[in-house]
Amino acid sequence: WPDPWLSLNPNFASGGTVTELADEDLLHAECDRIFRVKENPNDPGRRPIGFHRHQTDAIRAAASGKSYVLTTGTGSGKSLGYIVPIVDRVLREKDASGRSPGVKAIIVYPMNALANSQVFELEKFLRYGYGEGEEPVTFARYTGQESQDERRLILANPPDILLTNYVMLDLVLTRPDERRHLIAAARGLKFLVLDELHTYRGRQGADVALLVRRVRDVCEAPDLQVVGTSATMASGGTVAERREAVAAVATRLFGADVAAERVIGETLVRATSVSEPSMAQLETAVRRAAGDLPVGYAELAADPLAGWIESTFGLTTEEETGALIRSAPSTVTAAAADLAASTGVDVD
């Protein structure tokens, strides 16, 4: 059996809390009540969510009204990079015009499983602490999994946020019942989100590119803000070159200008404090680890072996800019051989 390739989910730079962004008026004040850690339907949330810097960068990009792409790694919380701006926009519009019915955002997933997962996340934010029927922003899934009664209810009361897949969205644009209710309610649509952007390539990518243009046209939404998310879309070259490549693809796919500065990547920081331990430090740490592992976060963060592990499996520095980026995955066998050579400790 080949060795498994290993990489670490890195440590992301902080972008502040939802409370701080609401105080700055970058987010509507009600967002501070919505985006909190909530454990059950009756929990109002005692602790505000802290954003990663790339999530805050996405919120700022959304405030510009321009289309953007969030391209960060797995487990980096990409969905908050569009959910928070959508909720913020809906709240502000309701403030400006009183009750503002109609679909403001359509979020398109390549698989129903992703839509189902997002429904649960939205429930925690928008229903927990409010109660069903009292949501400050409404949402519904419309993917073909719903019963007839559920579909009728959605058509009769279109939500602020509609979660669907690209096949169902194509049907919604063409079937008379959905056009009469959902599409009419989506006139002047504000957001169209394409999750997992890298899945739309080749013929399917061309289909989705035309779908984006049809949505903009049918919903009479010339100022439609298109948002894409992807864990991986370009490889090779510097971070700046990859952003340029992603911006070019997104511009073509969205039918709207996406500048390179609106391709938002992750900002990484080290979790450990010893990035380049000496051979003597490493040898001591390796021999100690055989029977005495660090206990507690502070001790682990200062451990030379932990620092070496983060550098080997997690982070490296981009030569051109000096910025921290994810390192290429490695195997235990290759890493152990390197460590043995550096410390004089037996490979096993």
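Helices here are DSSP runs of at least four residues, numbered from the N terminus. The model shown is predicted.

**View 1. Helix 14 and the residue that follows.** Helix 14 covers residues 332–343, and its end C-alpha atoms lie 16 Å apart. This agrees with the 16 Å that 12 residues should span at 1.5 Å a residue. Just after the helix, G344 takes a positive phi of about 75 degrees.

**View 2. The buried face of helix 14.** A335, L339, A340 and T343 are buried in helix 14. Seen down the helix axis, the buried residues fall within an arc of 135 degrees, so they line one face of helix 14. They pack against helix 11 (279–289) and helix 13 (304–313).

**View 3. The aromatic pair of F35 and F125.** The structure holds 2 aromatic pairs. In the pair formed by F35 and F125, the centres are 5.0 Å apart and the planes are 55 degrees apart, a tilted arrangement. F35 sits in the loop between helix 2 (31–34) and strand 3 (36–37), while F125 belongs to helix 5 (residues 112–126), so that the pair links parts of the chain 90 residues apart. F35 has 0% relative accessibility and counts as buried; F125, at 10%, also counts as buried.

**View 4. The aromatic pair of Y166 and Y200.** The ring centres of Y166 and Y200 are 5.7 Å apart with planes at 90 degrees, so the pair is edge-to-face. Y166 lies in helix 7 (residues 166–174) and Y200 in the loop between strand 10 (191–194) and helix 9 (202–218), 34 residues apart. Y166 counts as partly exposed at 21% relative accessibility, whereas Y200 counts as buried at 7%.

Definitions and conventions:
Residues are numbered from 1 along each chain as its sequence is written. This is a predicted model: local features need pLDDT of at least 70, side-chain atom pairs count only at pLDDT 80 or more; totals for chains, interfaces and linings use all residues. Side-chain values use heavy atoms; hydrogens and water are left out. Helices (H or I, at least four residues) and strands (E, at least two) are DSSP runs, numbered from the N terminus. The expected span of a helix is 1.5 Å times one less than its number of residues. Buried means under 20% relative accessible area, exposed over 50%, partly exposed in between (1.4 Å probe, protein chains only). The arc is that of the directions from the helix axis to the C-beta atoms. Contact means heavy atoms within 4.5 Å. Rings of Phe, Tyr and Trp (its six-membered ring) pair if their centres lie within 6.5 Å; planes under 30 degrees apart count as stacked, over 60 as edge-to-face and the rest as tilted.
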